Amino acid sequence: MGHITSYIDVPQVALYVFWAFFAGLIFWLRREDRREGYPLESDPNGKVKDRGFLLMPRQKTYRLRDGSTVTTPNYKRDERPVAARRVGNWPGAPMVPTGDPLVDGVGPAAWAERADHPDQTWDGKNKIVPTRADGHYSVASGDPDPRGMTVFGADNKAAGTVTDIWVDRAEHVVRYLEVDAGPGTGALLVPMNLARISGTPTKGRHVKVKSILAAQFAKAPRIKAPDSVTFLEEDRICAYFAGGHLYATPKRTEPLL
């Protein structure tokens, strides 16, 4: 490599250019990661912290496939009331639910305010549907068909009966089991990854959901439409069943030694 002067050569200039590029890349990435979830709120008083003019990106509008647009950052805050009280005023203090945490959406049972419309496939069809709405899907011969099986909660009491299987047309996996758990508004969906098919063909098979008790199925979120589930409904359903791992019984909130 040639020398530009007796003190600077081409490799040295290339190294400086790379350092400048890398620093600029880090700065750009740190700005872009603030498009959602910012500005931060102070814990525990909830006051909005300074946005920081330097690291906040300019607003950018994205055009979605359905023709709608989304502009970020939008500086919207989640102002939903939290049905819980702090045990102290220090930052990071635990919060104790004041009602039913599964219904109120506290802690691991919390859900995000996602869009209230179904996810779509590339060709504009609802992505997650029951098998009754799409005859292409069936249970492989030799595999247990959960339809008709009794569902048991963590207390080994019967909670309902599986009436259908909801499949993901894009990923080709089972997402939910539709359960008839008695009177309610809309179908009740149980996340497949929180359910387990147990038993044998000779002794009988059943579905076990250990995250919540049988009686708690009655308060599980329902869906509005019989053959589709929205982003928001999915978040609420998954939060309810996942939150049961902590809140289904008082013992689950105690330290485990």
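This is a tour of a predicted model, stop by stop, with what to select and what is there.

Residues are numbered from 1 along each chain as its sequence is written, and side-chain values use heavy atoms, with hydrogens and water left out. Because the model is predicted, local features need pLDDT of at least 70 and side-chain atom pairs count only at pLDDT 80 or more, while totals for chains, interfaces and linings use all residues.

**Stop 1: helix 1**

Select residues 10–32. This is helix 1, with 23 residues. Helices (H or I, at least four residues) and strands (E, at least two) are DSSP runs, numbered from the N terminus. From first C-alpha to last, helix 1 reaches 33 Å, close to the 33 Å expected at 1.5 Å a residue. The expected span of a helix is 1.5 Å times one less than its number of residues.

In the model, residues 12–29 are 100% helix and 0% strand, with end C-alpha atoms 26 Å apart.

**Stop 2: M56**

Select M56, in the loop between helix 1 and strand 1 (60–63). Is M56 buried or exposed? M56 counts as buried because its relative accessibility is 7%. Buried means under 20% relative accessible area, exposed over 50%, and partly exposed in between (1.4 Å probe, protein chains only).

**Stop 3: the loop between strands 2 and 3**

Select P73, found in the loop between strand 2 (69–72) and strand 3 (84–86). A cis peptide bond joins T72 and P73, with omega at about -10 degrees. Move to Y75, in the loop between strand 2 and strand 3. Phi of Y75 is near 60 degrees, a positive value in a residue other than glycine. Most residues other than glycine have a negative phi, and most peptide bonds are trans. Y75 counts as partly exposed, at 26% relative accessibility.

**Stop 4**

Show the largest pocket, with a volume of about 1000 Å³. Of the 30 residues that line the largest pocket, the closest to its centre are E36, N74, E113, R114 and A115. On a 1 Å grid over the protein atoms alone, a cavity is a set of points where a 1.4 Å probe fits but cannot get out, and a pocket is an open set with protein on both sides within 12 Å along at least five of seven lines; lining residues have an atom within 4 Å of a point. Grid points are joined across faces, edges and corners, and a volume is the space filled by probe spheres set on the points.

Strand 2 gives the largest share of the lining of the largest pocket, 4 residues. This lining divides into 10 nonpolar, 8 polar and 12 charged residues. Ala, Val, Leu, Ile, Met, Phe, Trp, Tyr, Cys and Pro count as nonpolar, Asp, Glu, Lys and Arg as charged, and the others, Gly among them, as polar.

The second largest pocket holds about 580 Å³ of space. Of its 21 lining residues, the closest to its centre are D78, R80, P81, V82 and M95. The lining of the second largest pocket has 9 nonpolar, 4 polar and 8 charged residues.

**Stop 4: R114**

Select R114, in the loop between helix 2 (101–104) and strand 5 (128–130). R114 is partly exposed, with a relative accessible area of 39%.

**Stop 5: around strand 7**

Select G153, in the loop between strand 6 (150–152) and strand 7. G153 counts as buried, at 0% relative accessibility. Then select D168 in strand 7, which is buried with a relative accessible area of 1%. The side chain of D168 reaches the backbone nitrogen of A170 at 2.9 Å.

Terms used:
Polar contact = N/O pair within 3.5 Å; in protein donor to acceptor, adjacent residues only side chain to side chain.
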